[in-house]
Amino acid sequence: MVTAKVWVLKKHFEGFPKPSDFDLKKIELPSLKDGELLLESVFLSVDPYMRPYSQRDMKEGDIMIGTEVARIVESKNPAFVVGAFVVANSGWRSHFISDGKGLHLLPSSWPESLPKSLALGTVGMPGLTAYFGLFEVCKMKPGETVLVNAAAGAVGSVVGQLAKIGGCKVVGCAGSDDKVAYLKKIGFDEAFNYKTVTSLDEALRKASPDGYDCFFDNVGGEFSSIAINHMKKYGRIAVCGAISQYNDSVPQKGPYVQIPMIFKELHMEGFIVTRWNNRREEGQKALLKWVLEGKVKYHEQVTEGFENMPAAFIGMLKGENLGKAIVKV
């Protein structure tokens, strides 16, 4: 009999999540039936989407949502062998039983030298978000100028590097000088700390006086309201996230987007990466190739210990992570 540890949502978040909003519980797992497999989480992901999705999709007492890289410990399913690694969407659990549906085996081409946690980051959902958001929503072209905010995060850091591979000028902004230094190190043409500039408007103008063809928006709120005025005519905006608004107990008020959208004839599109689930393999293959060639660099913020899931989650929402926030069990 295996005892699984799980983190449950004890209380819906009001404003910023607090450690007291979570509860660590133990669950006795039953013996496997035919077709089932037992998995042990090795790496777990903490991501911004968990904040709004928990509000929309979860009840108090539910196990926190999320993905993990897990090792198969026992199997009564011929499609899955013991010792193989998968990406699962089973929430904050140390162990779990699956019938195999919805599990993604790590590609056989995955090299031993590469951390398997990258399947939750640069070569996983955040990397795919950057890939499809940039190529399918922004539809960037060589020679264009791309703006990305939260640029040192799991998605933004990949967006900038893919735009450079695509022959674009890239401007990124982040919330600390260390993060700005990292962006320059991985090839961003311009980068600034939005917390220390005297005027965001002026910083955006200085970084690209001619404006921006593409804006990959992870932040929303005030940043986006200012950035939209710096778009070029027929510019494209991919609305990926709104982390500046996730913890608001009172919704933010405008300014509103309609007038700049009309005058500049902009295209603004919200998206969720699961739209391209049927092309997951294509995106993963491309990202893995670029990582192995050194064209896409990665950084992970690793927190040790399953018991520290809430702390890692809260830290990520506060912007304490550089690159992808991961919990190693």
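The backbone oxygen of Asp 99 lies 3.3 Å from a polar atom of the side chain of Asn 77. That makes a polar contact (a pair of N or O atoms within 3.5 Å; within protein, one must be able to donate a hydrogen and the other to accept it, and residues adjacent in sequence count only if both atoms are side-chain atoms). You can find Asn 77 in the loop between strand S4 (68–75) and strand S5 (85–88). Helices (H or I, at least four residues) and strands (E, at least two) are DSSP runs, numbered from the N terminus. At 12% relative accessibility, Asn 77 is buried; buried means under 20% relative accessible area, exposed over 50%, and partly exposed in between (1.4 Å probe, protein chains only). Leaving out residues up to four places away in sequence, Asn 77 touches Gly 35, Glu 36, Leu 37, Asp 99 and Gly 100, where contact means heavy atoms within 4.5 Å.

A word on the model: it is predicted, so local features need pLDDT of at least 70 and side-chain atom pairs count only at pLDDT 80 or more, while totals for chains, interfaces and linings use all residues. Residues are numbered from 1 along each chain as its sequence is written, and side-chain values use heavy atoms, with hydrogens and water left out.

## Charged pairs

Side chains of opposite charge can pair when their charged atoms come close. How many salt bridges does the structure hold? There are 20, each being a side-chain nitrogen of Lys or Arg within 4 Å of a carboxyl oxygen of Asp or Glu. Here are some of them.

| Salt bridge | Closest N and O atoms |
|---|---|
| Lys 116 and Glu 112 | 3.9 Å |
| Arg 205 and Glu 202 | 3.2 Å |
| Glu 265 and Lys 233 | 3.1 Å |

Arg 205 and Glu 202 both sit in helix H5 (residues 200–207), 3 residues apart, which is about one turn of the helix. Arg 205 is partly exposed, with a relative accessible area of 36%, and Glu 202 is partly exposed at 44%.

Glu 265 forms its salt bridge with Lys 233. This pair links distant parts of the chain, 32 residues apart: Glu 265 is in the loop between helix H7 (258–264) and strand S13 (267–270), and Lys 233 is in strand S12 (residues 231–239). Glu 265 is partly exposed at 43% relative accessibility, and Lys 233 is partly exposed at 45%.

## A nonpolar patch

Ile 259, Ile 262 and Phe 263 form a nonpolar patch on the surface, with about 380 Å² of accessible area together. Ile 262 is found in helix H7 and is exposed, with a relative accessible area of 59%. Patches are made of residues with over 30% relative accessible area and no salt bridge; like charges are joined within 9 Å, nonpolar side chains (Val, Leu, Ile, Met, Phe, Trp, Tyr) within 5 Å. Accessible areas come from the Shrake-Rupley method with a 1.4 Å probe; for residues, only the protein chains shown count as cover.

## Cysteines

The structure holds 0 disulfides, a disulfide being a pair of cysteine sulfur atoms within 2.5 Å. Cys 138 is buried at 0% relative accessibility, and its sulfur is 4.4 Å from the closest cysteine sulfur, in Cys 214, too far for a bond. Cys 173 is buried as well, with a relative accessible area of 1%; its closest cysteine sulfur, in Cys 240, is 14 Å away, again too far for a bond.
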